[in-house]
Amino acid sequence: MNLKDLKVVVFGVLIAMAACSRSSQPMVNPTVVVHLGQPVRQVQENSTYRFPDSFTKPGSVFHVITQPHTFIYSDATLKLQFARNSRYESLGSHIHALSEGTPEPTVYAVTVQAFDDYVDLPTAVAYIRKFRQSLLTQGLAEIPHSTASRFKANFDSTRKADTLDEIEDAFLDSQFFAQRAMALDMTKNNLRLTVTLINGRRLWGDRKDLSDDFMKSAKTRAGSEATKFKRQDLLAERSYSVEISIGDNPNLRK
């Protein structure tokens, strides 16, 4: 091998080593930094996630983020951070903005999912309990709700579940057939935060059982489920998502 060939080989090795070095570095997900009342232009300036051009145009804005990202909510009232790695659109993060009385759209609501995939009921409820404690630490207060205002369910059943402590047993009751529930409703200053527990199979229908049509009445579907699912099946099924929504509540302004 002559000197010229040797230089070519060495140069090629150096390029390969540089490429391997770059590929071995961990990927850093883009950030989305947002708070209520923030102009969408500032959301883009403060975030490394690249929003489409339509995001900053006047009018009503609704944007769903489905690529991996770090979602950061931060203002004087509340600070939260979520590492999101799901690519399911149904588990994406949402930003709502509106240019009503303002020169550009401003954020009035956001939604983020607690999990990257669907989980079982005990996992979902355990997360909500822990998350509730973190919110109480930041000074949020709970708004109580009755069973009827908390659940989308079969209300031919007489079950009562007015508190978070009762929510797991409520979802395990096939006759009650809870499809979703507002597990938490919390406020501070003009901010309102809700945490919704959703059973996707009950809400949208069983993807494996085509006879389970979500358009059928809750009472009919409840009776069918009771013959097919045992308690251990209901505990183990990975059909649950936890949706965290933050919005402005003008009734709570101080």
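1. In which sense do strand β6 and β11 pair, and over how many bridges? Strand β6 (residues 106-113) pairs with β11 in the antiparallel sense, over five bridges, where strands are DSSP runs of E of at least two residues and helices are runs of H or I of at least four, numbered from the N terminus, and where two strands pair if DSSP finds at least two bridges between them. Within this pairing, Thr111 has Ser245 in β11 as its bridge partner.

2. On the basis of these remarks: this is a predicted model, in which local features need pLDDT of at least 70 and side-chain atom pairs count only at pLDDT 80 or more, whereas totals for chains, interfaces and linings use all residues. Residues are numbered from 1 along each chain as its sequence is written, and side-chain values use heavy atoms, with hydrogens and water left out.

3. Strand β11 (residues 240-248) also pairs with strand β10 (residues 191-199), again in the antiparallel sense, over nine bridges, and Val195 has Ile244 in β11 as its bridge partner. Seven of the nine residues of β11 are buried, so the strand is largely enclosed by the rest of the structure; buried means under 20% relative accessible area, exposed over 50% and partly exposed in between, with a 1.4 Å probe and protein chains only.

4. Strand β5 (residues 93-98) has five of its six residues buried, so β5 too is largely enclosed by the rest of the structure. Six bridges join β5 to strand β2 (residues 60-65), the two running antiparallel, with Ile65 opposite Ser93 of β5. β5 also pairs with β6 in the antiparallel sense, over five bridges, and here Ala97 has Val107 in β6 as its bridge partner.

5. The loop between β9 (180-188) and β10 contains Asn189, which counts as partly exposed at 33% relative accessibility. Asn189 lies 50 residues from Gly139 in sequence, while their C-alpha atoms are 9.7 Å apart in space.

6. Rings of Phe, Tyr and Trp (its six-membered ring) pair if their centres lie within 6.5 Å, with planes under 30 degrees apart counted as stacked, over 60 as edge-to-face and the rest as tilted; by this rule there are ten aromatic pairs. The pair of Phe51 and Phe55 is stacked, because the ring centres are 4.0 Å apart and the planes are at 15°. Phe51 is buried at 7% relative accessible area, and Phe55 is buried at 1%.

7. Phe151 and Phe171 form a tilted pair, at 5.9 Å centre to centre and 45° between the planes. Phe151 lies in strand β8 (residues 151-152) and Phe171 in helix α5 (residues 167-171), so the pair ties together parts that are 20 residues apart in sequence.
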